[in-house]
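Please look over the structure shown here together with its sequence. The briefing is arranged by topic.

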Amino acid sequence: MRAPSINCLSELQLLTHKYITIFFISIFLTGCGSEDTSESNIIGQWQSEESPFNGQLKTDTWTFSYNGSFTRSRALRNPAGQTLFYYSNGEYTTGDDYQSDSGLTIKKLDLIYYGNNTNEPEQKDPNANYTTYLDTFYINENTLYFGILKALDTCDGEYYLTVSENIIIINGQVVNTENSGECYARPSSINFDTPHFKLTNAG
């Protein structure tokens with residue numbers, strides 16, 4: 001058997017060095033993620049810290065499931081120490097990257113509520129005309145942040161409309177009811193004041 005020539009050895013060494021270099025570059029690029037880009041996996045359970053809310057203390061627990069459903073359990077603790085639970089649930093979809101006002105790369109989130117702040121989760125009504133709420137989210141180091149509501153002066157572009165019923169009472173009697181609506185755009189700022197910390201991975 002003939003021994004390899006010096007030229008062959010040199011080519012082999014160069015080739016080996018080339019692949020080792022590519023291997024380390026690949027590891028380096030994989031491990032050096034940008035801090036201004038949101039992680040995309042929202043699936044799991046996330047819980048906020050207890051915070052003041054209308055004279056009570058509020059804790060929200062969000063669960064996003066693999067099947068596209070979500071539940072938000074809201075615990076409200078009053079000054080007497082009693083805790084009441086309210087539930088919101090429905091379906092969700094995550095969308096493309098979205099640029100925030102501060103330059104962060106965040107993710108689009110669409111939410112359809114079957115029930116909102118009810119005593120127990122609601123079932124989907126096939127005849128209902130549900131509103132799709134436009135939101136955004138940002139995930140960093142197992143911490144989830146949602147977008148800040150963005151009200152619009154005029155209902156233009158991409159928006160959703162919320163309608164509320166105002167009851168007019170005069171001398172203790174209901175004399176009229178009025179419906180009022182407000183339009184909201186998809187949030188372009190993230191609420192870093194209300195972090196939600198990951199409890200579980202499974203949804």
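The points below cover strands, cores, aromatic rings and backbone angles.

This is a predicted model, in which local features need pLDDT of at least 70 and side-chain atom pairs count only at pLDDT 80 or more, while totals for chains, interfaces and linings use all residues. Residues are numbered from 1 along each chain as its sequence is written, and side-chain values use heavy atoms, with hydrogens and water left out.

- Strand β5 (residues 83-99) pairs with β6 in the antiparallel sense over 10 bridges; strands here are DSSP runs of E with at least two residues, numbered from the N terminus, and two of them pair if DSSP finds at least two bridges between them.
- Within this pairing T94 stands opposite L109 in β6, and the hairpin of β5 and β6 has five residues between the strands, where G103 takes a positive phi near 95 degrees.
- β6 and β7 also run antiparallel, joined by six bridges, and K107 stands opposite F137 in β7.
- β6 is mostly covered, as 10 of its 14 residues are buried, where buried means under 20% relative accessible area, exposed over 50% and partly exposed in between (1.4 Å probe, protein chains only).

**T136 in β7**

- T136 belongs to strand β7 (residues 132-139) and is buried, with a relative accessible area of 0%.
- A polar atom of the T136 side chain lies 3.3 Å from the backbone oxygen of P187.
- Leaving aside residues up to four places away in sequence, T136 touches residues including Y98, I106, L109, F146, P187 and I190, with contact meaning heavy atoms within 4.5 Å.

**Nonpolar cores**

- The largest nonpolar core has 14 residues, of which I42, F64, Y92, L111 and L144 touch the most other members; such a core is a set of buried Ala, Val, Leu, Ile, Met, Phe, Trp, Tyr and Cys residues joined through side-chain atoms within 4.5 Å.
- At least two residues of this core come from each of β3 (56-64), β6 (105-118), β7 and β8 (143-146), and β6 gives the most, with three residues.
- Apart from this core lies another, of five residues, among them L104, I106, Y138 and I190.
- L144 touches, among others, I42, W46, F64, F137 and Y138, not counting residues up to four places away in sequence.

**Aromatic rings**

- The structure holds 13 aromatic pairs, counted when rings of Phe, Tyr and Trp (its six-membered ring) have centres within 6.5 Å, with planes under 30 degrees apart taken as stacked, over 60 as edge-to-face and the rest as tilted.
- The rings of Y138 and F192 form an edge-to-face pair, because their centres are 5.8 Å apart and their planes stand at 75 degrees.
- This pair links distant parts of the chain, since Y138 is in strand β7 and F192 is in the loop between β11 (173-185) and β12 (196-200), 54 residues apart.
- Y138 counts as buried at 3% relative accessibility, whereas F192 is partly exposed, with a relative accessible area of 42%.
- One aromatic cluster is formed by W62, F64, F70, Y92, Y113, Y133, F146, Y160 and Y184.

- N117, found in strand β6, has a positive phi near 55 degrees although it is a residue other than glycine, and N117 is partly exposed, with a relative accessible area of 37%.
- N142, in the loop between β7 and β8, has a positive phi of about 60 degrees and is not a glycine; N142 is partly exposed, with a relative accessible area of 46%.

Methods: Helix = DSSP H or I, 4+ residues; strand = E, 2+ residues; numbered from the N terminus. Polar contact = N/O pair within 3.5 Å; in protein donor to acceptor, adjacent residues only side chain to side chain.
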